[in-house]
Amino acid sequence: AQSITNLLLVNIGQKQPWSTKYKSARCTSAVIYLVDGKTQTRLLVEDCTTNEYLINIDTTLGKCLESTAVGDTFDLGVKTYTIKEKLPPIVGAFRISTDIRQEINTGNDCFYQLSIQEDNIDDLFRLLDKIDKQPHVVNPEVNGLAIPLLLRLINSHANDMVRGCFYYLTDVNSNKSFYLYDQGTDVEQSVVLDVLSLTYLSLTGFCHGLITGGKRLFITRETKNIVMDWLRKVGSPEFLSMSKVGDTYVRATAADVQNHPFYNNLNLLINSCSLLVPRQIDMPESITRIKEHVDISHYSTIQASISHSIPILCLDPLMCSLYKTENLDLINVFGFMHDVSSLTPDKDNFAVELFIGCKLQVPVLNRNIFWLCTQKNHSQNLAAKIISQPLANYPNPDAALLFLSQCCSWAVHSYFRSSFFDFWFAEFDWQYTEDIIYACCSSAIEHLKGDTREARFALFALTVLEQSVKAVDPEFR
């Protein structure tokens, strides 16, 4: 689930002791009262002109407000007043000031006030509905022109880069223009990571393979500050995220966040990196010109990479094209991600899930799909979906036969092995085994050798049968 907004509801519903006293010679209290169905906040002040924020305490209304206890009502003229709360002057003044600032907000002020009436949760739902309709990412194209991902990030999430990277990498429309740069050099010893690459590696789980690979991992101080601040904020016990996913409202606490693989992967990866300080060098003029158009994490990463003669790891393919024109050393991003994926344990690898659900370009290995075929429920569902992809790229019919027959065999063997030990739950836990068999058969008819569909299917079925017999009798020929 992707959080639409964070509502830090730390103080809602809590009564806080106000031990600090701000003395005033003329104002001794503030009062919140209900009249004509509206809640009003006023300061009770001596010797003042009554207005929309202040009430002279010597007036009839002022005396009634001062003397009436919280929860009680009184009538004055044709109106009935109910006392909701009495506050110290400083608290009343602060609440009034927030009301004033909200009223004069023309839309360019970062301050917004959220008011929810007591016992009225529908107000919160309406707020989430309104936020859900707002775009969270910038379109990848404007008037047919592609916009670099890093420029879209700084435009929409300059103050929350980790969340922004998460949104863009999990957005189907954004991923239509996202691909991994496949030119450049291999990573030999060191790599410098920015917030975007850290997010990609944490989302996919490739961080485990990267750490295992033994490369020296570096980040700049700017990158570390951004990521650590985000981890600290969402990992705080006070954190509460309210989201809307489809038609469902979702609530997530700090405990939920800390149990999420992305949070744990990012925390593991950032703590596996060492700080690298850029050296003072003359940067290419074309690079210095982009400083105002990209986030500080990426720019400082470019500085560190160039000044320490480390090839640049950049996940924005359009920016890679710019760096290539300046003859800067670039890392082959696709090859790099393929290598770290191959070192990532299958249980920590989320490549297939992101490819199916978000259309994110990720290197998917045959090994990943074989493993999914052996796992129940959601994992087998993912395997069936990726096997069914119409753009399956097999190097030759023999490779397709080997891959499809192994997928089918792994799925069938896993099903029967489970049903042998727990027959009653096997049919539910392995309900997608049939989908894998159907996907393999359909793909085999499409890609294998044979003059007719029947011949191609027969070849596939015979191969699966032979593999099944060999699994029971290794000496079978």
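His298 touches Leu150, Asp194, Cys314 and Tyr323, leaving aside residues up to four places away in sequence. Touching, or contact, means heavy atoms within 4.5 Å. His298 lies in helix H13, residues 296-307. Helices (H or I, at least four residues) and strands (E, at least two) are DSSP runs, numbered from the N terminus. With 0% relative accessibility, His298 counts as buried. Buried means under 20% relative accessible area, exposed over 50%, and partly exposed in between, with a 1.4 Å probe and protein chains only. The side chains of His298 and Asp194 are joined by a polar contact of 2.9 Å. Such a contact is a pair of N or O atoms within 3.5 Å; within protein, one must be able to donate a hydrogen and the other to accept it, and residues adjacent in sequence count only if both atoms are side-chain atoms.

This is a predicted model: local features need pLDDT of at least 70, side-chain atom pairs count only at pLDDT 80 or more, and totals for chains, interfaces and linings use all residues. Residues are numbered from 1 along each chain as its sequence is written, and side-chain values use heavy atoms, with hydrogens and water left out.

Now the whole chain. It has 22 helices and 13 strands. Of its 477 residues, 43% count as buried. Among contacts with a separation of 6 or more, 64% come from residues 24 or more positions apart.

Next comes a sheet. Five strands form an open sheet in the order E4-E3-E2-E6-E5, with mixed pairing. Two strands pair if DSSP finds at least two bridges between them. Which strands stand at the edges? They are E4 (54-56) and E5 (73-76). Each has a single partner strand, so one side of each is left without a neighbour in the sheet. Neighbouring strands are turned by 40 degrees against each other on average, direction ignored.

E3, residues 38-45, pairs with E4 in the parallel sense over three bridges. Val45 has Asn56 in E4 as its bridge partner. Helix H2, residues 89-103, packs on the sheet and touches E2 (27-35), E3 and E6 (79-87). The direction of H2 makes about 130 degrees with that of E3. Axes are lines fitted to C-alpha atoms, for helices over the stretch in contact, and angles run from 0 to 180 degrees between N-to-C directions.

Leu76 stands opposite Lys79 in E6. The hairpin of E5 and E6 has two residues between the strands, and in this hairpin Gly77 takes a positive phi near 70 degrees.

Turn to helix H15, residues 333-342. Its buried residues are Val333, Gly335, Phe336, Met337, Val340 and Ser341. Their cover includes helices H7 (195-204), H8 (206-212) and H17 (366-373). Asn332 caps the N-terminal end of H15, with a side-chain oxygen 3.3 Å from the backbone nitrogen of Phe334.

Last, the cysteines. How many disulfides are there? The count is zero, where a disulfide is a pair of cysteine sulfur atoms within 2.5 Å. For Cys48, the nearest cysteine sulfur is that of Cys27, 8.7 Å away. Cys48 counts as buried at 15% relative accessibility. For Cys207, the nearest cysteine sulfur is that of Cys273, 10.0 Å away. Cys207 is buried too, with a relative accessible area of 0%.
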